[in-house]
Amino acid sequence: MAFPYTDLVSKLQKTFSIDDNPSASAVQQYRNHLSALNSYLVYCGKTQESRIGTEFTSEFETKLRSYLSAIDVAPRTRRDRARLLKAIRRLFQATQDSRPICSEKQVLLSATLRMRIAETGVAPKTLARQAGIDPTTLWRWLRGATPREDTIPSLHRLEVRLGLARDTLVQLIERHSSSQTNTLAATVPTHRLQMASRPRHCLTLAESELNGQFLKEWEMLFAYKTTNFPMLERQARAQWRLIPETASVRISKLARRGTMVCPTADIFSNRMRTFLGVVNGLALEDGGLGLDEPPEQTLAWCAHPRALECFLQWMTSRSGGIRHNGQKVFARAVASLLRPHTGFLWQQPELFMGRLPSQLQPRGESGWQEMCAKSHKLLREYIRSSTGVSRNPEEPIANLLAQQNPLQPIRDAISKIQAEAAASRPGGIAEARHKRNALVLALMLSNPLRARTLVSLTWLPNGQGTLRGNPAEGWRIQLQGLHLKTGDFQRGRAYNVKVADWVKPMLDEYIEEHRETLLQGKSSPYLLVGDEEGGIWEGLGTTVRKLTKRYIPGSPGFGPHAIRHLVATDWLRKHPDDYLTVAELLGDAPATVLAHYAHLRRDDSFARYEAYLNGQG
């Protein structure tokens, strides 16, 4: 029920013991609070005799920000006003929670503590000292933290101080903590077991092992693939995209051009180092080439069918005989180099064919191009047949997909992380990290972007980052094609999406309070702070896997891509054939979504057919 501000002022007086011979410090604190309240009420067009309305309930945050923006005071005074008004509002909320404890219905410990402490009229810090409790501990309980077993005696002393029967508060402790609920046995995904049992091959060449000749060849290829006007013929869709280094995680020096980087070149250069290592070091009995002398490091090996078959079969053997997307990606990349008339290698026989061992060299330019054509045909066959799955994306999230609401466990995990933040030291690094981690999972549900895009989000005080807006007006994520893996996936349409209302309070709090704590005095344009120096967060994927393993019961842990898959699968199961919505959510082309989730359409078709058959009986 609404009551006048005079009642709230009376509560404020009791909090500072104004009627009980208060100290000079308490009187001054009371006056500061009252002055802030009166100033705020004048701005809202109210007096102490007015009833408390939305300016202190649902619209408090909006009204407060508007008030702070309007007053012409020093920045420090503005911060003090905000702190004091928030403290008064907490007192109001505690008063609103004042209802009798009901033994028939469990009440949250934090709400009960706020109610009982508010009724005493004693400041929590004073009450904690009177009960022999660390004030920080009591503050954590008031914020929702679950008392540890070793703090139960402190809770008993608080019961005595509040005049409550023994165990009144202890009985309200939630016993289903995350450490207990997550003891469910997790099924380890098949590919993780395979990777754990697979011997390491140690064949991949380090970047430092690449010689000068190969580096020159690579530089020529990189220029051919990235320049707008290559000296050689090139198909329009064969160009590699350069993006600013600030929009990407760590990239090899082989994929850099000044301040621009090329993620595609980074992936291909890593695969090439393994390819050259297999050609050079794989034993004959394991399918190697069995060359008489160590081969040269050269891109020319990409044109030889024996070398390509050796590497692709080696990849297949390591995946248990499955031809999967790994072979397909490599085959596509190399096939573009061998394409008749426009392929990088096909056009340069005089440069490359002499770099193969003499017994493997073709005869003349026509022989080189015939060999390129043969290898191109081999690669096209691998592209066609590489339809197997080495890593089933649904395995790590199988226990979630089996539930009616697969996204709820992630929402529950966010709540658990928030509870741990409440249990942390206020203003500390641990609290800030928990708040950031909860925000990360929330953003992945509301805006299921790729990890690379998420960590490249920027926030700047002048509002020019990719996260734009403010707490009063809300937030939007505004991205250009360079921020997305698929680039201009819908004819140049940029990504301009609102951050969900349920995520907004978490984002407000993170930006206003916790981001600066994580930066520890450093500056950074990135929204999500994970790097100690304020750089782009390289460890996001690892963090998400740890969070999902720890806070989701029965989960083996999964990364950002699995959350995207979970969002898409859940939506399509409940909204069959709505591929356009999923394309918008994921930032992909509708054709890409249809290709990846066609199995759901097939499942739905057979389900409807089964229902049809049952109706015929």
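Which residues of H13 are buried? In this predicted model, local features need pLDDT of at least 70 and side-chain atom pairs count only at pLDDT 80 or more, while totals for chains, interfaces and linings use all residues. Residues are numbered from 1 along each chain as its sequence is written, and side-chain values use heavy atoms, with hydrogens and water left out.

The buried residues of H13 are Pro-305, Ala-307, Leu-308, Cys-310, Phe-311, Leu-312, Trp-314, Met-315 and Thr-316. Buried denotes under 20% relative accessible area, exposed over 50%, and partly exposed in between (1.4 Å probe, protein chains only). Helix H13 covers residues 305–318, 14 residues in total. From its first C-alpha to its last, H13 reaches 20 Å, close to the 20 Å expected at 1.5 Å a residue. The expected span is 1.5 Å times one less than the number of residues in the helix. Cover for the buried residues of H13 includes helix H12 (263–281), helix H14 (325–338) and helix H16 (364–385). Gly-320 follows H13 and has a positive phi, near 70°.

Helix H12 also contains Met-272. Met-272 is buried, at a relative accessible area of 0%. Not counting residues up to four places away in sequence, Met-272 touches Phe-214, Trp-218, Leu-299 and Cys-302. Contact means heavy atoms within 4.5 Å. Leu-193 lies 79 residues from Met-272 along the chain, and their C-alpha atoms are separated by 26 Å.

The chain as a whole comes to 26 helices and six strands. These are DSSP runs numbered from the N terminus (helices: H or I, at least four residues; strands: E, at least two). The C-alpha trace spans about 105 × 65 × 50 Å along its principal axes. Of the 617 residues, 46% are buried. Among contacts with a separation of 6 or more, 64% join residues 24 or more positions apart.

Side chains in the chain include 82 positive and 60 negative ones. Lys and Arg count as positive and Asp and Glu as negative, with His and the chain ends not counted. The centres of the two sets lie 1 Å apart, each charge being placed at NZ of Lys, CZ of Arg, CG of Asp or CD of Glu.

The structure holds zero disulfides, a disulfide being a pair of cysteine sulfur atoms within 2.5 Å. The sulfur of Cys-202 is 17 Å from the closest cysteine sulfur, in Cys-310, and so too far for a bond. Cys-262 is in no disulfide either; the nearest cysteine sulfur, that of Cys-302, is 16 Å away. Cys-202 is exposed, with 70% relative accessible area, whereas Cys-262 is buried at 0%.

Helix H18 (residues 408–423) has 16 residues. Its end-to-end C-alpha reach is 23 Å, close to the 22 Å expected at 1.5 Å a residue. Buried positions in H18 are Pro-409, Ile-410, Ala-413, Ile-414, Ile-417, Glu-420, Ala-421 and Ala-422. Arg-143 touches Ala-421 and Ala-422, along with Ser-424, Pro-426 and Glu-431, not counting residues up to four places away in sequence. Arg-143 sits in the loop between helix H7 (135–142) and helix H8 (152–162). Arg-143 is partly exposed, with a relative accessible area of 27%. The C-alpha atoms of Arg-143 and Ala-419 are separated by 8.4 Å, although the two residues are 276 residues apart along the chain.
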